[in-house]
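Thanks for coming. Please have a look at the model on the screen, and then I will go through a few of its features.

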Amino acid sequence: MVGKVGASAADLPTADFFDFESLLSVQEQRKLNELRSFLASEIAPYAGQWWDKAEFPEHILPKLAALRLSAPAQRGYTHLFAGLVIAEMTRVDTSIATFFMVHHDLFVDSLYDFGSDAQQDKYLDDASNLRTTGAFALTEPEHGSDVAGGMQTTARRVARAASDGGDYWVINGAKRWIGNGTFCDYMLVWAKDESDGAVRAFIVDASLPGITRSRIENKIALRTVQNADILFEDVHVAESDRFGGISSFADTNHLLRGSRIMVAWQAVGQQLAAFDVARQYAVERLQFGKPLARFQLIQQHLVDMLGNAVASMGMMVRIAQLQEGISRDAQGALHGGADMAQVALAKAYCSARMRESVALGRSILGGNGIVTDYKIAKIFADAEAIFTYEGSYEINSLIVGRAVTGVSAIV
């Protein structure tokens, strides 16, 4: 049985044990609380059902858009606030946080950072307000961590008179694990230029002829997220929809660095979620006639989980501070912020601590920890996706290893 015994979990200290949230401005704290209210009423009661059924709740998008949280840093918020937005979303539902990241932190931010004025005028307002949805199509069936050198999707430029609509590109290939891929309106597609081998990026209307999308089934994590396999067979894309700011894979580093930071914040959010659920269960669950929280080993598990969460948050707060140093030079190129090795260390470290914490939380719930009714099973399963995407633990570790030794062990 679960009974109300002793102190209520709601009256106890939060997993933000060092009160990092107090570093936000008063306005940002109010906005974060507005997000929490939305998540508590619109997401938390239903997240488990959506996950069990592997269904995405498209009906919530207008309400999510009304929060006006798209690309927070572009709206004048701090990077710390932007990270805590992802952590709070993840704390309630990792899948909704992942949708938000793919659409806003990859697709929308790409428009801000690399889109031409014409492309921003055409796409940005609708995308920022979720009237249209976007995806980021980079990973391929045979290429994940090595996609930079192994990309097989190709783009061939075809000359055409301006009177006939101007030049266009023909894209062929396949992408895999594309979040939002089954229902998105547009995709940012990465392909290798057949003429010179350079990596190009294109804004692709997902309804164009030659595009086939199929949902990836039988996932054990992020089941609400609609990941897709996507085939491109002689897909014609106008030259005006090529990202002019992208001329090589190196140009993607800013985007990938930013998304890796947000996944590290997801690892923080997972730890907050696991602690919330495990601590509440420990306080309320009776065993041997007393709450689980009265047992020393259970308290040790909770303290270890809390330490992991606080250490991870501290690292991410420093990453957010470094991000505030990003600037553009006279040519519009981006400089500063946390470098890729620092970000890789944050993603590797936070995701490893997350994996430990969710396992401890699942252990505290015993047999109840393997059914989604008690939330921790979903948290436990979703953690495996976070541990892997935006660079596996091993790849991120090797990026850091290369930085501290000067020798690459990746290739």
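How much of the span of residues 33-126 is helix, and how much is strand? The span is 73% helix and 0% strand, and its end C-alpha atoms lie 26 Å apart. Helices here are DSSP runs (H or I) of at least four residues, and strands (E) of at least two, numbered from the N terminus.

Before going on: this is a predicted model, where local features need pLDDT of at least 70, side-chain atom pairs count only at pLDDT 80 or more, and totals for chains, interfaces and linings use all residues. Residues are numbered from 1 along each chain as its sequence is written, and side-chain values use heavy atoms, with hydrogens and water left out.

Next, charges over rings, meaning NZ of Lys or CZ of Arg within 6 Å of the ring centre and within 35 degrees of the ring normal. Lys290 lies over the face of Phe295, 4.8 Å from the ring centre. Arg355 has its charged end over the ring of Phe387, at 3.9 Å from the centre.

Now helix H8 (253-284) and helix H11 (376-388). Each supplies at least two residues of the lining of the largest pocket, and each also supplies at least two to the lining of the second largest pocket.
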